[in-house]
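Here is a short report for a reader meeting this structure for the first time. Please keep the sequence and the 3D view at hand while reading.

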Amino acid sequence: LSPSVCDEILNKNALTVIFGSINGSKEPSQAQLQMQDLAKRFWLGYQKRLVEAKQQPISCTYMLMLGQASILFVLQRNRSDPQTPFVNIVLDGISLLVENSPVSRLEPLFTSLLATGFPYLKELYLWNLTLTSDDTMCLSTYLQQRRDFTTLEILGCNFCDSKGLRNIAVGIGFNKSITTLKLSNTKLNTEDLRIITLELSHNETLRSLEFVRCDLNHEVGQLLFQYISAVPLQKINLEGNNLGAKGLKDLSKVFSCSDVLQEVLLPENGIDVDECSEDDMRMAVEALCANLMHTNSLKMLDLSYNTFGDDYGEMILNLLKSRKEQGLCSLTVKVGHRMSSAIFSAIAAECKASKKKKKATKKKKGGKKKK
């Protein structure tokens with residue numbers, strides 16, 4: 001969509017036709033007129049800032065404006081609710097560097113959103129971008145000032161300097177509404193994670209955190225334990241890293257400290273009986289089993305695509321049996337298949353039986369409904 005098309009969409013007559021086709025009337029409703037006014041003010045402010053910055057609009061903005069102005073006439077998934085506004089922006093693989101421009105391409109967009117008080121944006125997806133400290137400072141300012149933002153995903157991005165991650169983390173730390181942070185396919189070292197968790201510790205609304213394929217090693221186990229045990233996080237996904245047996249040992253301490261953590265996903269993390277030392281594997285699995293005996297909130301522990309072998313697989317099986325005997329809540333543990341089929345099947349069966357027992361208990365407590 002070109003700017004001229006957006007200008008035409010923002011014209012009142014065009015909007016009347018669009019809204020009329022949705023609600024069956026000739027004139028838009030009061031709510032739609034308010035959204036139209038908001039869209040116009042945003043678009044005019046954005047154009048003004050683009051001229052000052054000597055830039056062209058980011059392509060996704062046209063989609064945003066079409067969604068906001070026409071109430072998702074084209075992109076709307078739920079046609080029964082024409083009031084639903086556009087709630088996300090996706091920036092995928094675009095260049096944020098403009099020659100002879102003094103500011104980041106993100107600044108005119110997010111400054112205009114803030115100036116307009118745009119209340120509908122809930123989700124931001126940054127994919128395959130090179131982010132300078134100016135880019136991340138702009139995003140940080142937006143995150144700190146908006147109180148209705150819920151989801152940020154950073155996938156395959158490259159940070160030009162060490163300030164980038166800190167800026168993003170500071171913004172999220174001050175945000176009081178964000179619930180989900182996804183950071184994937186972006187290389188992080190131990191110091192990067194220390195900075196991130198330090199800033200995120202100020203946020204009490206974050207419930208789901210992902211560091212997927214971020215090249216993390218065993219050194220982050222202790223950092224993650226300290227962070228997760230101090231915040232109300234419910235889910236953490238660390239798939240595709242290299243925590244190994246040492247990282248698992250340190251991270252497992254969180255199971256006996258957190259009373260809200262429900263899901264821990266550790267597939268493909270180099271926890272391998274053939275690659276780790278025997279002492280490291282033994283201490284890791286012993287610590288894991290001991291700490292899992294003291295959690296009543298955890299529902300899912302995913303250890304698939306790791307190699308435990310028969311001996312350590314049997315230790316996990318005995319753990320599940322002990323939890324069952326003590327009447328602890330149901331816990332699903334997924335393990336890699338590289339162990340005897342009998343032990344692998346027994347672990348799966350124990351998890352399944354635990355779920356059935358929980359359902360039966362709930363049904364018994366509920367009793368029969370009165371006719």
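## Strands 2 and 4

Strand 2 covers residues 123–127, and strand 4 covers residues 151–155. In this predicted model, the two strands pair in the parallel sense. Five bridges join strand 2 to strand 4. Glu 123 faces Thr 151, a residue of strand 4.

## Helices 6 and 7

Now turn to a pair of helices. Helix 6 spans residues 133–145, and helix 7 spans residues 163–174. They pack at an angle of about 5°, and their axes lie 8 Å apart. Helix 6 is therefore roughly parallel to helix 7, since angles under 35 degrees count as such.

Residues from both helices meet here. Helix 6 contributes Ser 133, Thr 136, Met 137, Leu 139, Ser 140, Leu 143 and Gln 144. On the helix 7 side, the residues are Lys 163, Gly 164, Asn 167, Ile 168, Val 170, Gly 171, Ile 172 and Phe 174.

## Salt bridges

How many salt bridges does the count come to? The count is eight. One of the pairs is Asp 274 with Arg 338, where the closest N and O atoms are 3.3 Å apart. This pair links distant parts of the chain, 64 residues apart. Asp 274 sits in the loop between strand 9 (263–265) and helix 11 (278–292). Arg 338 sits in the loop between strand 11 (332–335) and helix 13 (341–366). Asp 274 has a relative accessible area of 57%, so the residue is exposed, the cut-off being over 50%. Arg 338 is partly exposed, at 48% relative accessibility.

Asp 279 pairs with Arg 282, and the closest N and O atoms are 3.6 Å apart. These two residues lie three residues apart, about one turn of the helix. Arg 282 also forms a salt bridge with Glu 286, with the closest N and O atoms 3.6 Å apart. Arg 282 and Glu 286 are four residues apart in helix 11, again about one turn. Are these residues buried, exposed or partly exposed? Asp 279 is partly exposed at 45%. Arg 282 is partly exposed at 32%. Glu 286 is partly exposed at 38%.

Elsewhere, Arg 213, Glu 239 and Glu 268 are linked in a network of salt bridges.

## Cysteines

A disulfide is a covalent bond between the sulfur atoms of two cysteines. How many disulfides does the count come to? The count is zero.

Cys 257 has a relative accessible area of 43% and is partly exposed. Cys 329 is partly exposed too, at 22%.

Notes. Residues numbered from 1 in each chain as written. Predicted model: local features only at pLDDT ≥ 70, side-chain atom pairs only at ≥ 80, totals over all residues. Heavy atoms only, no water. Salt bridge = Lys/Arg side-chain N within 4 Å of Asp/Glu carboxyl O. Buried < 20%, exposed > 50% of the residue type's maximum accessible area, 1.4 Å probe, protein only. Pairing = 2+ DSSP bridges. Disulfide = S-S within 2.5 Å. Axes fitted to C-alpha atoms, helices over the stretch in contact; angles between N-to-C directions. Parallel < 35°, antiparallel > 145°, perpendicular 65-115°, else oblique. Contact = heavy atoms within 4.5 Å.
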